[in-house]
Amino acid sequence: MSVVGLPILNGSRFRARFETDLRAAPRISTLQLNIGFVCNLACRHCHVESSPARTAPEENMDEPTARRVVDWALAHPEIETVDFTGGSPEMNPNFRWMVEAIRGSGRGVIDRCNPTIIVHTERSGIDYAWIPGFLAANQVQVVASMPCYLQDNVERQRGRGAYDASVEGLRRLVDAGYGRDPDLRLNLVYNPVGPHLPPPEAALAADYKRELRERFGLEFNELWTITNMPIKRWRHELERDGQLEPYMRTLIGAYNPATIEGLMCRHQVNIDPQGRVYDCDFNQALDMPTPASEGRFLWDYTASELADRVIATDDHCYGCTAGAGSSCGGTLA
Ligand code: SF4
Ligand code: SF4
């Protein structure tokens with residue numbers, strides 16, 4: 001992906017920020033697995049363009065691939081955490097045994113959960129009501145997307161009905177102990193509705209805590225703010241509205257070198273449903289594999305080979321380095 005052609009970018013290419021290649025840290029501790037693109041929602045900002053229609057077998061990790069990936073994780077003690085993402089990872093029929101196998105080895109597990117999936121049961125006829133109890137029983141850390149505490153903002157991104165479904169899904173997680181039991185962490189994710197950077201994380205977290213507690217009695221641990229990346233569905237919308245160049249100006253103008261050390265691509269590796277290797281989920285969405293990884297899969301590497309690797313970057317990376325920075329775990333600096 002490149003935004004070459006935008007006059008503002010002349011002399012501002014992301015790669016030119018570094019005199020040498022951007023490299024991963026000497027040790028990789030997190031394996032992020034995108035186990036499928038199918039999702040019950042089709043959000044405006046979704047960088048993987050997930051939707052209920054993304055059911056093709058090659059877009060959702062099958063059992064043989066899942067077994068190779070889990071075996072690889074268990075064989076590499078460097079991997080401390082396995083981070084499940086999608087789509088809605090719970091919709092993959094392999095999700096539960098994968099989580100149990102990884103938790104059984106003592107490693108941490110993160111589930112990036114869109115909370116509306118928990119109440120999707122009633123609408124789809126498929127049972128997802130097991131999610132809160134299953135995650136709690138396995139002490140899985142939940143990272144739940146909740147773009148705002150206000151109904152209008154949530155439904156502008158996620159569609160009509162998404163607010164009530166999100167609140168009900170969160171309520172069921174809290175009822176299972178999340179946000180209250182110290183072993184059951186529930187972190188929420190905010191991303192902006194429009195073409196601007198997120199507000200300061202701590203102040204927004206205080207607003208979320210107050211509003212969700214007063215309105216619904218909901219508790220959670222941390223709020224993470226994430227910048228919308230100028231790629232895929234969100235990029236198309238920016239282009240349609242003539243906002244791509246102003247948005248890129250905002251990101252480039254807010255470049256913050258203090259974010260480089262913590263960039264998520266430097267501390268993790270990202271895997272697609274086929275087992276191919278990427279530096280992050282954004283690069284996966286852009287079909288930008290880790291350099292020199294073409295034709296290779298996760299199981300063709302050792303963890304130490306994936307450390308200190310050269311990272312594939314392009315101008316979308318300004319989304320991670322703007323302002324306080326942005327990663328799967330919120331701000332960076
Ligand atoms: S819930 Fe997440 S994965 Fe699903 S469409 Fe929305 S942003 Fe994409
Ligand atoms: S998009 Fe962000 S995480 Fe991905 S390679 Fe660029 S800087 Fe790293």
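1. A definition to start with: the radius of gyration here is taken over C-alpha atoms, and the globule rule is 2.2 Å times the number of residues to the power 0.38. For the 333 residues of this chain, that rule puts a compact globule near 20 Å, and the chain has 19 Å, which agrees. Please keep in mind that this is a predicted model.

2. On overall dimensions, the C-alpha trace spans about 50 × 45 × 35 Å along its principal axes. The accessible surface of the chain comes to about 13400 Å², and carbon and sulfur atoms account for 50% of that surface. Buried residues make up 58% of the 333 residues.

3. The secondary structure consists of 12 helices and eight strands. As for how the chain connects to itself, take the contacts between residues at least 6 apart in sequence: 74% of them join residues at least 24 apart.

4. The largest nonpolar core holds 98 residues, and L31, F84, L186, L188 and Y208 are the ones that touch the most other members. Helix α6 gives this core its largest share, six residues. Apart from it lies another core, of five residues, including I110, V143, V189 and W224.

5. F84 deserves a look of its own in your viewer. Leaving aside residues up to four places away in sequence, F84 touches L33, I35, P89, F95, M98, V99, I102, V109, I110, D111 and R112. One of these, I110, is also a member of the five-residue core.

6. Which residues of α1 are buried? They are T65, A66, V69, V70, W72 and A73. Seen down the helix axis, these buried residues fall within an arc of 155°, so they line one face of α1. On the other side, P64, D71 and A75 are exposed. The partners of the buried residues are β1 (30-34), β2 (81-85), α2 (95-104) and α11 (303-306), against which they pack.

7. Is S166 buried or exposed? Its relative accessible area is 0%, and buried means under 20%, so S166 counts as buried. Not counting residues up to four places away in sequence, S166 touches P115, T116 and M146.

Definitions and conventions:
Residues are numbered from 1 along each chain as its sequence is written. Chains are lettered from A and ligands numbered from 1 in the order in which they are written. This is a predicted model: local features need pLDDT of at least 70, side-chain atom pairs count only at pLDDT 80 or more; totals for chains, interfaces and linings use all residues. Side-chain values use heavy atoms; hydrogens and water are left out. Buried means under 20% relative accessible area, exposed over 50%, partly exposed in between (1.4 Å probe, protein chains only). Helices (H or I, at least four residues) and strands (E, at least two) are DSSP runs, numbered from the N terminus. The arc is that of the directions from the helix axis to the C-beta atoms. Contact means heavy atoms within 4.5 Å. Accessible areas come from the Shrake-Rupley method with a 1.4 Å probe; for residues, only the protein chains shown count as cover. A nonpolar core is a set of buried Ala, Val, Leu, Ile, Met, Phe, Trp, Tyr and Cys residues joined through side-chain atoms within 4.5 Å.
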